[in-house]
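This briefing covers the sheet and the nonpolar core of the structure shown below. Please keep the sequence at hand while reading.

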Amino acid sequence: MLGNFPPRHVLATGIRGSFHSLAVADFNGNGHWDIFTAELEATNLLPQEANPRWFIWENSGGENPRFVERVIFDGRLGGHDAVIGDVDGSGNIDICSKFWRRWPQNANNGREHAGCLCNLFPVYESQERSKF
């Protein structure tokens, strides 16, 4: 037996683009694991007339946690193979990603790009103690 997995949570309902990044971390500092993903820049993989977006599903915690969808970036730049870490030294988890393929409609005039979203949540005392 591989393990006892709790009931699943359906996070992304409706018509979505192609998610091609996945990270799990406590992005908001509340002590509960949140889920990140981003849509690719690909017109054939996005809903009609949609821009690629970056999402975090915020975990409420508790015995019956809820995951609240947050669009954290909607700026016509998709994400592919995103990585997470404390890029700016703030103590928070930041997200960095790059393009998948050139998309003429992207916010960088159709050129390649890489970017980082720096997490602006305040660092809580519990996070400070867990830093290396």
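A nonpolar core is a set of buried Ala, Val, Leu, Ile, Met, Phe, Trp, Tyr and Cys residues joined through side-chain atoms within 4.5 Å; buried means under 20% relative accessible area, exposed over 50%, partly exposed in between (1.4 Å probe, protein chains only). The model is predicted: local features need pLDDT of at least 70, side-chain atom pairs count only at pLDDT 80 or more, and totals for chains, interfaces and linings use all residues. Residues are numbered from 1 along each chain as its sequence is written, and side-chain values use heavy atoms, with hydrogens and water left out.

**Core**
- The largest nonpolar core has nine residues: Ala 23, Ala 25, Phe 27, Phe 36, Ala 38, Trp 54, Ile 56, Ala 82 and Ile 95.
- At least two residues of this core come from each of E1, E2 and E3; strands (E, at least two residues) and helices (H or I, at least four) are DSSP runs, numbered from the N terminus.

**Sheet**
- Four strands form an open, antiparallel sheet in the order E1-E2-E3-E4, where pairing requires at least two DSSP bridges between two strands.
- Strands E1 (23-25) and E4 (67-73) are the edge strands, each pairing on one side only.
- E2 (residues 34-38) pairs with E3 (residues 54-59) over four bridges, and six bridges join E3 to E4.

**Strand E3 and Ile 56**
- Five of the six residues of E3 are buried, so this strand is largely enclosed by the rest of the structure.
- Ile 56 is the bridge partner of Phe 36, and its own partner in E4 is Arg 70.
- Trp 57 in E3 stands opposite Ile 35.
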